[in-house]
Amino acid sequence: MPIHFVLAADTATTVHPASWPQGHWPLPPDPALEARVRALLAKMSVEDKVGQMIQADIKYVTPDDVRTYRLGSILAGGNSGPDGQQYGTAQQWQKLSDAFYRASMDTSGGRLAIPVLFGIDAVHGHNNLVGSTLFPQNVGLGATRDPQLIHAIGEVTAQELRASGINWTFAPTLTVPQDGRWGRAYEGYSQNPALVAQYAGAVVEGLEGRLGTPHYLDADHVIATAKHFVGDGGTKDGKDQGDAEVSEAVLRDVHAAGYPSAIRAGVQVVMVSFSSWNGVKMAGNKALITDVLKRRMDFGGIVLGDWNAHGQVPGCTNEDCPVAYNAGLDMLEAPDSWKGLYVNTLAEVKSGVIPMAHVDDAVSRILRVKLRLGMFEAGLPSANPLVTKSAQVVGSPAHRALARRAVRESLVLLKNDGVLPIDPRKHVLVAGDGADNISKQNGGWTLTWQGTGLTNANFPGATSIFAGIQAQVKAAGGSAELSVDGSYKHKPDVAIVVFGEDPYAEFQGDLPNLAYRPGNDHDLDLLRRLRKQGVPVVAVFLTGRPLWMNREINASDAFVVAWLPGSEGEGIADVLLRTRDGGVAHDFHGKLAYAWPRTAVQIPVAAAARGEQPQFPYGFGLTYADHGDTGPLSEDAGIELSSARAGVYFSHGRPAQGFALRLTGANGADANVTATPAATADGSLRIVALDYKAQEDARRLDWSGRGTARAALVAPAPLDVERETNGDVMLVTTLRVDAVSPQGATIGVACGSGCGAAVPIGKQLAALPRGQWLRVGLPLKCFRDAGADMSKLDRPFEWISSPGERLAVTEVSLGTVADRTLDCRAH
């Protein structure tokens, strides 16, 4: 694979289009379609045209808005669903789609009828639809090495989208992740650009239908989106929306590898990345968008911006960015900023800041896509034949069988000391917090944006890993026992321990290193305890990326990487268990699409460029015919494993690594807490240790005396949480309220001298139950709106109160799930 390097500063952003692959738009000229486009353009006002170039989120736009502002498309973001919910049923989506379509086709008042496009992130099946078929995330599909399977998954995803009235998916993701610390790594098929390129055409053809056939963009298919152009998988240190400090050759040969094949397959949309290339934001990079993508690669579809990504371009805001349009974007995704963007863009078009020639080209591209999809003739989304039989389409047995096959093919066996395959006639213990957890086996982008806050009841028709094992063991005459903590009534013949990463998406999943849950050895202890009891242990690891797992591998007799397998957990039982007669129905098939790290700080792709060896190389994967004893692996992580986790400021009653806990008394004097008990010099605030789930894993704070005092967490260096603030991320405090101050409390942040914000929470705190542990969340947006600079927080948490307040705290972190969410408008 190509080696990364950074060019000198004076040439780092120079683009040489002639060195990029020469493309040819694969759709033949269509004079009739072009005549229709010209006729529509001639009838459109400037307002009509600008509206087509803006995409709004359903949480922030109504059908009446589409009617009034002539918006050309809408989207449902990760937490946006019908009826104000985060997700919906097929019937709810159908109703919503019809409402927006009717609005776009309203010709009253002389309006021009142009049907609205409806896009959604269907990235591993229709993952915002209740009861849908959910496939393994892309990180697992890469292990299958099966383009035909990828094509079939695209077809099924398209059918379930159409059955719910939606005609556009923001998929496939063609990123080529080079650093597993990136929280979106699981959205990429492989570190290998050749495999991504092979899959790109297959999945596009599955979603859109095959070019040159009557099935291309017919009623069974949807518009596909190749994303994110370009370099999002190569950002420095794996930082989401970061900077890809690589040469043009690496950008072209590694990170753009999937786009030529996607374009050859007829992909209709390319989404431009949030990230930068050598310091230049992609959303404003005219050389790459216009000169390379549109001209050199001859892409003839819509070039779409990502979620308010244009607002990060220098000189731009979310509501105003002519630079992005002039760089070559045809449509800006402005979920909550669309109205201001419409007003400003309209003025800039009228003044000539955005040339009319570009507007006409952008709108023509949008109209062509709508015409190719047959939207002007199709009628209401609910008129699609798949909608009328949606109950038979969504989550159908055939679709679930395909997903189950994908699970089987994606499993990778890293170790087997002879315990696998398992005799199903035995007594099998199934342990671990992933054993009966359908949300965890799916990961992020599943019903909710981060994939959190869900239970098995949210997944009708799906099968947990335990349920699949139990069904096959019972059918063979054996017995299966579920025990999350590994305790058991009767000693098992074998234990299957299912554990791994909790769901996350985007920046919430970014990591500082590749250690698995540093400072939390719960899963490792479970594996070791069972083996010490003489029970053979099979580890089934749920993950969106390779992580340093040497200790867990050593503590297991067999180690299986199940990735994020989706809704059909029984696919795991298909491979782990023998048949009733002792045969093997399904052997291991998967091969690593990403190399596995030797230490917690080894980034395998970068290490390979230096001649270093990973723990398990790209392409590794055992079968039952292989000798599977790995021998003892080194348990030197390469760093000191601590409780430091990204986005965690205070955990188990202690500040995260590098953080300090500081008390400030009513007299203004500061005191850092190095041991408990402790107090301010004036006694206005005291802190003691107490037990929550373990010995001294929480701290109790007592305010007394006179005046206001505060407890603050001080960061080792200023934190930039601006990106998290723009998302639906909260400051989450796991606490127990014992008493509240009559004067009320506030939660604050500080961003240097004279910079900060405090949000009053007294009334809401008083309404919480006493003596009960809760996760209480406050949206980060509250602090930004109150005046804090969220890009440089030196004190990311302050609790300010007065005499009479008493509460206990065990954790403070960033998150998207809370038992109670505070409203910063309710003072």
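**Disulfides and aromatic contacts in the predicted model**

Cys-751 and Cys-755 are both buried (under 20% relative accessible area, with exposed meaning over 50% and partly exposed in between, for a 1.4 Å probe and protein chains only). The structure is a predicted model, in which local features need pLDDT of at least 70 and side-chain atom pairs count only at pLDDT 80 or more, while totals for chains, interfaces and linings use all residues. Residues are numbered from 1 along each chain as its sequence is written, and side-chain values use heavy atoms, with hydrogens and water left out.

A search of the whole structure gave three disulfides, a disulfide being a pair of cysteine sulfur atoms within 2.5 Å. Counting bonded cysteines along the chain, the pattern of the links is 1-2, 3-4, 5-6. Cys-316 is joined to Cys-321 with an S to S distance of 2.2 Å, and this link is right-handed, with 65 degrees about the S-S bond. Cys-316 is buried at a relative accessible area of 11%, and Cys-321 is buried at 0%. The disulfide between Cys-751 and Cys-755 has an S to S distance of 1.8 Å; with -85 degrees about the S-S bond, the link is left-handed.

The disulfide between Cys-782 and Cys-824 has an S to S distance of 2.2 Å. The torsion about its S-S bond is about -75 degrees, so the link of Cys-782 and Cys-824 is left-handed. This pair links distant parts of the chain, 42 residues apart: Cys-782 is in helix H26 (residues 780–785) and Cys-824 in the segment after strand E32 (820–821). Helices (H or I, at least four residues) and strands (E, at least two) are DSSP runs, numbered from the N terminus. Cys-782 is buried, with a relative accessible area of 4%, whereas Cys-824 is partly exposed at 23%.

For aromatic pairs, rings of Phe, Tyr and Trp (its six-membered ring) were paired if their centres lie within 6.5 Å, with planes under 30 degrees apart taken as stacked, over 60 as edge-to-face and the rest as tilted. The count by this rule is 20 aromatic pairs. In one of these, the ring centres of Tyr-516 and Phe-541 are 5.3 Å apart and the planes stand at 85 degrees, so the pair is edge-to-face. Tyr-516 lies in the loop between strand E15 (494–500) and helix H20 (522–532), and Phe-541 in strand E16 (residues 537–542), so the pair ties together parts 25 residues apart in sequence. Tyr-516 and Phe-541 are both buried. Together with Phe-499 and Phe-559, they form one aromatic cluster.
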